[in-house]
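My plan was to go from the whole chain down to single residues.

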Amino acid sequence: MYYYAFFSAVILVSLVWLARIVVPKFPQLAIIDTSIIPEEREMKKKRELLRGKMHRTMTGASRAVGGFMAPKADAVRDLFRGSYRRLLDIERQFKREKRIPPAAARERLVALVAEGHALAKESRYPEAEKKFIEALGYDPRHIEAYRGLADLYLEEKRFDRAKETLAYLAKALIRENRCIHGSGIRTFQSEENAGACPASPAVHADIAGRWIALAAACQALGQDKGAKDAYERAVAVEPANPRNLDLLLEACIMGGDKRRADEVLLQLGTVNPENNKLEEFGGRLKAMAAVPEGRRRK
């Protein structure tokens with residue numbers, strides 16, 4: 001009895017260990033619908049078949065473990081050996097399907113992105129989308145491919161896709177450039193700490209621009225809270241940019257957040273005291289003060 005229990009426990013631990021090796025071999029793009037590419041559809045079917053094989057193997061092993069009190073230990077031992085061999089076969093098959101020389105993969109990736117941009121310039125958006133998504137098959141984190149997708153989704157007014165892609169793109173730019181202003185925390189960049197961030201002003205402008213575009217997509221979807229959050233992130237990256245502050249201030253007023261609006265107005269007046277909208281904003285905030293907080297738009 002103890003022999004069966006021990007042997008069954010070994011089977012379970014071994015299969016879990018093997019699953020941890022094999023399962024990560026099936027990468028998926030969480031944001032982009034890759035099913036529009038014929039090659040990717042075929043690959044997806046193969047992956048589903050492989051997953052099905054592994055699931056059946058694990059299910060069979062689980063049943064064997066559940067019945068470890070059965071008298072035939074040889075059958076359990078044979079099941080373990082067969083499962084181990086099948087899992088190794090699955091891993092080897094997946095590796096064969098994905099094998100491609102790194103230099104050739106990089107060359108193909110660059111060509112696909114270039115083709116995607118060229119097609120987008122001609123407003124051939126469905127074809128451009130396929131090129132960018134195919135490029136992501138070679139490198140799921142390729143920034144230029146996501147940049148191309150974000151731009152074409154905005155052009156096509158596919159705001160749900162634009163929102164998801166822009167969020168990923170902004171965070172990828174923050175990560176790649178090690179920008180310390182990317183957390184979304186409200187900051188004011190003084191002359192003393194301006195050089196603390198390794199990201200250049202051009203990179204800051206790029207990141208902030210992506211957050212601004214994301215805010216516009218949220219507004220188009222009627223998601224005012226998401227838009228305000230995106231504006232906050234843009235201001236965190238470029239706190240001295242009057243445009244960012246202007247947009248955030250407008251979002252705060254429209255959302256009825258007078259306390260934050262007062263803070264942003266003060267910051268806008270500090271970085272751009274000649275702004276001709278300061279007086280207008282000040283008047284709108286005074287009008288807000290006359291309205292009970294519970295009646296302000298949320």
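**Salt bridges, total.** I began with charged pairs and found 21 salt bridges in the structure. The model is a predicted one, and I kept that in mind throughout. Side chains of opposite charge can pair when their charged atoms come close.

**Overall make-up.** Next I looked up the secondary structure. The chain has 12 helices and zero strands. Read from the N terminus, the elements run α-α-α-α-α-α-α-α-α-α-α-α. I then checked burial: of the chain's 298 residues, 39% count as buried. I also looked at contacts between residues at least 6 apart in sequence. Of these, 64% join residues at least 24 apart.

Lys228 makes a salt bridge with Glu232, and their closest N and O atoms are 3.7 Å apart. Is Glu232 buried or exposed? I found it buried, because its relative accessibility is 7% and the cut-off for buried is under 20%.

Asp229 and Arg233 meet through their side chains in a salt bridge, 3.1 Å from N to O. These two residues are also four apart in H9, about one turn of the helix. Asp229 is partly exposed, at 38% relative accessible area. Arg233 is partly exposed too, at 23%.

Arg233 lies over the face of Trp211, at 5.2 Å from the ring centre.

**The nonpolar core.** The largest nonpolar core has 59 residues, and Ile207, Trp211 and Leu249 touch the most other members. What is Ile207 in contact with, leaving aside its neighbours within four places in sequence? I listed Ala170, Leu173, Ile174, Cys179 and Val237.

**Helix H11.** I then moved to residues 258–271. Glu263 and Arg259 form a salt bridge between their side chains, 3.0 Å from N to O. The two are separated by about one helical turn, because they are four residues apart in H11. Glu263 is partly exposed, with a relative accessible area of 33%.

**Aromatic pairs.** How many aromatic pairs are there? I counted one. Tyr146 and Tyr168 form it, with 4.3 Å between centres and 35° between planes, and it is tilted. The pair links distant parts of the chain: Tyr146 is in helix H6 (residues 143–155) and Tyr168 is in helix H7 (residues 159–177), 22 residues apart. Both Tyr146 and Tyr168 are buried.

**Asn244.** Asn244 is in helix H10, residues 242–254. Is Asn244 buried or exposed? It is buried, as its relative accessible area is 0%. The side chain of Asn244 makes a polar contact of 3.3 Å with that of Glu238. Not counting residues up to four places away in sequence, Asn244 touches Ala208, Ile212, Ala234, Val235 and Glu238.

**Glu279.** For contrast I turned to helix H12, residues 278–289, where Glu279 is found. Glu279 counts as exposed because its relative accessibility is 72%, and exposed means over 50%. I also took a distance. Glu279 and Leu265 are 14 residues apart in sequence and 10.0 Å apart in space, C-alpha to C-alpha.

**Backbone angles.** I closed with phi. Most residues other than glycine have a negative phi. Ser123 has a phi near 65°, a positive value in a residue other than glycine. Ser123 is in the loop between helix H4 (102–121) and helix H5 (125–138). Ser123 counts as partly exposed, at 46% relative accessibility.

Lys157 also has a positive phi, about 60°, although it is not a glycine. Where is Lys157 found? I placed it in the loop between H6 and H7. Lys157 is exposed, with a relative accessible area of 59%.

Definitions and conventions: Residues are numbered from 1 along each chain as its sequence is written. This is a predicted model: local features need pLDDT of at least 70, side-chain atom pairs count only at pLDDT 80 or more; totals for chains, interfaces and linings use all residues. Side-chain values use heavy atoms; hydrogens and water are left out. A nonpolar core is a set of buried Ala, Val, Leu, Ile, Met, Phe, Trp, Tyr and Cys residues joined through side-chain atoms within 4.5 Å. Buried means under 20% relative accessible area, exposed over 50%, partly exposed in between (1.4 Å probe, protein chains only). Contact means heavy atoms within 4.5 Å. A salt bridge is a side-chain nitrogen of Lys or Arg within 4 Å of a carboxyl oxygen of Asp or Glu. Rings of Phe, Tyr and Trp (its six-membered ring) pair if their centres lie within 6.5 Å; planes under 30 degrees apart count as stacked, over 60 as edge-to-face and the rest as tilted. A charge sits over a ring if NZ of Lys or CZ of Arg is within 6 Å of the ring centre and within 35 degrees of the ring normal. A polar contact is a pair of N or O atoms within 3.5 Å; within protein, one must be able to donate a hydrogen and the other to accept it, and residues adjacent in sequence count only if both atoms are side-chain atoms.
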